[in-house]
2 protein chains.
Amino acid sequence: MLRPAAHPPRTPRTASFVPLIQREIERMIGTGELTGGTRINESTLALRLGISRGPVREACRALEQIGLLRSELNRGFFVREVSTKEALDLYDIRAGLFGTAGRLAAAIITMVQLRAMAELIERMDAAIEAPDIATFYTLNNEFHRQVVLASDNDKLIELYPLLEAELHLFRRRGLVLPGSMRTSNDEHKAIFEALRQSDGTGAARLLERHILAGKARFLRTLEDDSATEARPGPLDPRQSRPKDR
Amino acid sequence: MLRPAAHPPRTPRTASFVPLIQREIERMIGTGELTGGTRINESTLALRLGISRGPVREACRALEQIGLLRSELNRGFFVREVSTKEALDLYDIRAGLFGTAGRLAAAIITMVQLRAMAELIERMDAAIEAPDIATFYTLNNEFHRQVVLASDNDKLIELYPLLEAELHLFRRRGLVLPGSMRTSNDEHKAIFEALRQSDGTGAARLLERHILAGKARFLRTLEDDSATEARPGPLDPRQSRPKDR
DNA sequence: GCCGGAAAAATTGTTGACAGTTGCCGGTCC
DNA sequence: GGACCGGCAACTGTCAACAATTTTTCCGGC
């Protein structure tokens, strides 16, 4: 829920509204407040934020470019829905980029960074024992982020999270399989070892496989679902459902 | 040069201005009409296109997200300038993604696509003999595009050209070394062979190296330049030059 | 002749208004 | 009963205007 207009920061122009709105919409998508397919009502959103439609439109246009929204002529912006094909495509791209990150990181990773990773792995082991899926999920994300950060490739550091965010727009969220936590952390340990030994090629291969293992799990849950559910069909041409208000 | 307002398409609302403006600015950057560091004057551009500032701002906001522009509070949008570090980072990312494209393509590439690539390689050989650098450049780009297309990864097909466009914003353009054309096409031939044999791993490795070879050449020209020129300094803190009108 | 500072001009960030489109509702006709 | 049609409300795409801010210009003083 959103206050209609917290402070009226009228007239001291020290920051633009646009990035704020952009982050706010991203947040709403992240928390599931806005789910795939729903329309962004510019007027309502602007009113709720206590500003006018101009900046809102600019923010939406930006979010369109990074793949979180799509626009339809005379109908406005919609929260994008990621198809199965797109989700699988994203896994492949992430695998490649993650491998690249590891190859780069292996050559320059510092002791401090390695130590941080080791600690994350330990804490993930603890979360597995608990078991505490939510914590594991968080730690796992952090571990991945650390690898990307260690690459010291600013463009990659910027790009990778965007791809992950887009993956979250897949219609069905919550893809964490409890059973896979242990094998996942085993993979983390192997990755850590490769990085520690500055084995770029090895780290790249392991990281790539780590993501592709995630893709395989993802595919399995899809098959399970389509077997359980009323078969949504292997290739749905269009099922865009505005369904506003 | 741009007509002040070609047709006054007042009132039949069949398309939004925003994508048109976006493409127009992209074009202007592509042709060098707008070079790195220059400011986008919203009013002037809007006037020239015969529209108002709103759509122009939306287009700029979109271009900011894909990395072609950057914004500064109360100063507007500037054509981005890609630093050496960023250019090198981009090469690494492109290498990883290109390799991924090849791995994916090898498994599913069709005879038609292979034949098209073979033809491109032949024509590049011809361009080398001529020698016709401009044609080689075009054909080379087309070859790379074909590989990415063959991956059938829509997200990758969308992402890869964006990275290449950003690389074009590096301050010094025209990075094609005539001497490297032959070795470059030899690499193409090896890549083609790997794809033909459905050797995903081999294709990935070759494609990655192909881009990294480009990175190495890029680095060499940098070193040559900094030796020849009056040393522009390894790290210039700010040299943003609006210099409008 | 060059520097500092105030005033003017130019430009951005934002707003409110207007025209055109879409979607919905109810009535009419078959 | 169901399909078609006209009007109406909601909303988008665009514009013109306003206030804040940056940049340029101009002018007196050292």
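Helices (H or I, at least four residues) and strands (E, at least two) are DSSP runs, numbered from the N terminus. This is a predicted model: local features need pLDDT of at least 70, side-chain atom pairs count only at pLDDT 80 or more, and totals for chains, interfaces and linings use all residues. Residues are numbered from 1 along each chain as its sequence is written, with chains lettered from A and ligands numbered from 1 in the order in which they are written.

**View 1. The annotated domain of chain A.** Residues 15-82 of chain A are 51% helix and 15% strand. The end C-alpha atoms of this span lie 32 Å apart. UniProt, in an unreviewed entry, gives the span the feature "domain: HTH gntR-type". UniProt positions follow the numbering used here, feature names are shortened, and annotations may be inferred rather than shown by experiment.

**View 2. The protein surface near DNA strand D.** Around DNA strand D there are 25 residues (near: C-beta atom, placed from the backbone, within 6 Å). The closest are Gly76(A), Phe17(B), Ile51(B), Ser52(B) and Gly54(B). Chain A contributes two or more residues from each of helix H2 (42-49) and helix H3 (53-65). The surface comprises six nonpolar, eleven polar and eight charged residues. Here Ala, Val, Leu, Ile, Met, Phe, Trp, Tyr, Cys and Pro count as nonpolar, Asp, Glu, Lys and Arg as charged, and the others, Gly among them, as polar.

**View 3. The contact between chains A and B.** Here 30 residues of chain A meet 30 residues of chain B (contact: C-beta atoms, placed from the backbone, within 7 Å). On the chain A side, H3, helix H4 (84-108) and helix H7 (154-167) each give two or more residues. H4(A) gives the most, with eleven residues. This side of chain A has twelve nonpolar, eight polar and ten charged residues.

View 4. Strands S2 (residues 69-72) and S3 (residues 76-79) of chain B pair in the antiparallel sense over four bridges (pairing: at least two DSSP bridges). Leu69(B) has Val79(B) as its bridge partner. Three residues separate S2(B) from S3(B). In the turn, Asn74(B) has a positive phi of about 65°.

**View 5. Confidence along chain A.** The mean pLDDT of chain A is 86, and 84% of the residues score at least 70 (pLDDT: the predictor's confidence in each residue, from 0 to 100). Among the elements of chain A, H3(A) has the highest mean (97) and helix H9 (residues 200-228) the lowest (87). Residues 1-9 of chain A stay under 50.

Technical notes: Two residues are in contact if their C-beta atoms, placed from the backbone, lie within 7 Å.
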